[in-house]
Amino acid sequence: MAGKKGQTLDKKPLSVYVHVPFCKRKCLYCDFPSAPGTPEEIAFYFRILMQEIRSFEALDSLYTVSTVFFGGGTPSLVDPKYVRQVLDLLRAQYHFEEDPEISLEANPGTLTQESLAAYRDMGISRLSIGLQSANEDELKILGRIHSFEDFQKSYELAREAGFANINIDLMSALPRQTMEKWQRTLQIAADLKPEHISAYSLIIEEGTPFAETWGTRVGRIYLPGEDLDREMYHYTKEFLASRGYERYEISNYALPGFESRHNMTYWTGGDYVGFGQSAASYLDGRRFQNPAEKTEYLEEAREAYGRFKSTRPLSLKSREEEYMFLGLRMHRGVSREEFKLRFGESFPGTYEKKLLDYCMQGFMEKEDDRIRLTDKGIDVSNVIMADFLQD
Ligand code: SF4
């Protein structure tokens, strides 16, 4: 199942994101580009998506694919034949690394023995399953399509099918959530021994049913306050560390060697191409994004490559800012040496001053050449990271 045969030396690694914007039903908190779709709509979407992918054939001369990520939406909702078609096309069109990470996002209740066997057969190596909570009342509040039991069945089926790299997505700071309830979810998830756990705090997004219920003045009373939110966050790190998981990014925890290679591409400023509705790309210093609206995407997909070619590369300053902004998300932090290698110059004086100030105030710490946020710094990470975008 390797990609194209031939010369791969001197090519840069490439991560490929494929957006599948279909869900059985909309979760109440969700503002992602996703919606239910008829079989005809799904077939049409993939037809256009394949055309978009073909139009990017020229990338093969520069890159070797190291990761592929099917995200959504719910990629496990559509017939696996579509996922296979996409992978077949990618392999026919691009060289692949010998051991690529190929991930698929799945929701409990949409996985079957047959679909899991098909995913394994087509070379998918990693599953990311959305549990969010192990408490039934919270799953209902979130408007999820599944029960905890559905999740357990899906997880067991995935292990039986041979998946040895599984992520579980969890969400804290839910309405009416207590510390005990969050601890229960974490404990149940960790007992299953997944290789990776993502744990995000709920954000109430404008325009969602959630905002109407819980985003109002009265609704907010039922949300855990900022102090409890931070308490949950710190507990998560300590508890998961006791189970062998390292927090390698602000909200992501992995057993050694199971960090998400695909997400690391995003956080380390690597090159990636995104196919599908709303998908973003960062290639050769240029950033561009497909339309967030499905009709518009379907109309414009064939011209995506042309749009990419006509995009102007980001300025050196923007790329340096991004390096700092994204690098500080990760436990390994930023490094002077890495910065110099990448940009051919040392940290600008303004960065040095800010880093020194933050270190002195206990928001950052140094280890050899690397500088990273401390736990105290992570609590105000949005403010600190934004500080590197303002020079
Ligand atoms: S499954 Fe994910 S993408 Fe789909 S509606 Fe729920 S949160 Fe949104």
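Let's start at Gly73, which sits in the loop between strand 2 (63-72) and helix 2 (80-93). When I say helix or strand, I mean DSSP runs numbered from the N terminus: H or I over at least four residues for helices, E over at least two for strands. What joins Gly72 and Gly73? A cis peptide bond, with omega at about 20 degrees.

Before going on, please keep in mind that this is a predicted model: local features need pLDDT of at least 70, side-chain atom pairs count only at pLDDT 80 or more, and totals for chains, interfaces and linings use all residues. Residue numbers run from 1 along each chain as its sequence is written.

Both of those glycines turn up again around the ligand. The ligand is surrounded by Cys23, Lys26, Cys27, Cys30, Phe32, Ser34, Gly72, Gly73, Thr74, Asn107 and Gly130. Near, here, is a C-beta atom, placed from the backbone, within 6 Å of the molecule.

The largest nonpolar core has 68 residues, and Val16, Val18, Val65, Leu90, Ile129 and Ile197 touch the most other members. A second, separate core of 15 residues includes Met324, Phe339, Tyr351 and Leu373. By core I mean buried Ala, Val, Leu, Ile, Met, Phe, Trp, Tyr and Cys residues joined through C-beta atoms within 7 Å. Buried is 20 or more other C-beta atoms within 10 Å of a residue's own, exposed is 12 or fewer, and partly exposed is in between, with C-beta atoms placed from the backbone.

Let me pick two residues to look at in detail. Leu90 touches Val16, Ile53, Val65 and Val68, not counting residues up to four places away in sequence; contact here is C-beta atoms, placed from the backbone, within 7 Å. Then there is Leu127, in strand 4 (residues 126-132). Is Leu127 buried or exposed? Leu127 counts as buried, because it has 28 C-beta neighbours inside 10 Å. Leaving aside neighbours within four places in sequence, Leu127 is in contact with Leu104, Ala106, Ala158, Phe163 and Ile166.

A quick stop at two loops. Arg176, between strand 5 (166-172) and helix 6 (179-191), has a positive phi of about 65 degrees although it is not a glycine. With 13 C-beta neighbours inside 10 Å, Arg176 counts as partly exposed. Lys193 lies between helix 6 and strand 6 (196-201), and its phi is positive too, at about 55 degrees. Lys193 has 11 C-beta neighbours inside 10 Å, so it counts as exposed.

Next, hairpins. Strand 10 (residues 280-283) and strand 11 (residues 286-289) pair in the antiparallel sense over 4 bridges; for strands to pair, DSSP must find at least two bridges between them. Ala280 has Gln289 as its bridge partner in strand 11. There are 2 residues between the strands, and Asp284 in the turn has a positive phi of about 55 degrees.

Further along, strand 13 (residues 364-367) and strand 14 (residues 370-373) are antiparallel over 4 bridges. Glu367 stands opposite Arg370, and Lys366 stands opposite Ile371. In this hairpin, Asp368 takes a positive phi near 50 degrees.

How many strands form the open sheet here? There are 3, in the order 12-14-13, with antiparallel pairing. Strand 12 (334-335) and strand 13 stand at the edges with a single partner strand each, so one side of each is left without a neighbour in the sheet. Helix 14 (residues 349-360) lies across strand 13 and strand 14, at about 105 degrees to strand 13; that angle is taken between N-to-C directions, on a scale from 0 to 180 degrees, using lines fitted to C-alpha atoms, for helices over the stretch in contact.

Val334 is buried, with 23 other C-beta atoms within 10 Å. Val334 and Arg370 are 36 residues apart in sequence, yet 5.5 Å apart in space, C-alpha to C-alpha. Leaving aside neighbours within four places in sequence, the contacts of Val334 include Met324, Phe339 and Ile371.

Methods:
Two residues are in contact if their C-beta atoms, placed from the backbone, lie within 7 Å.
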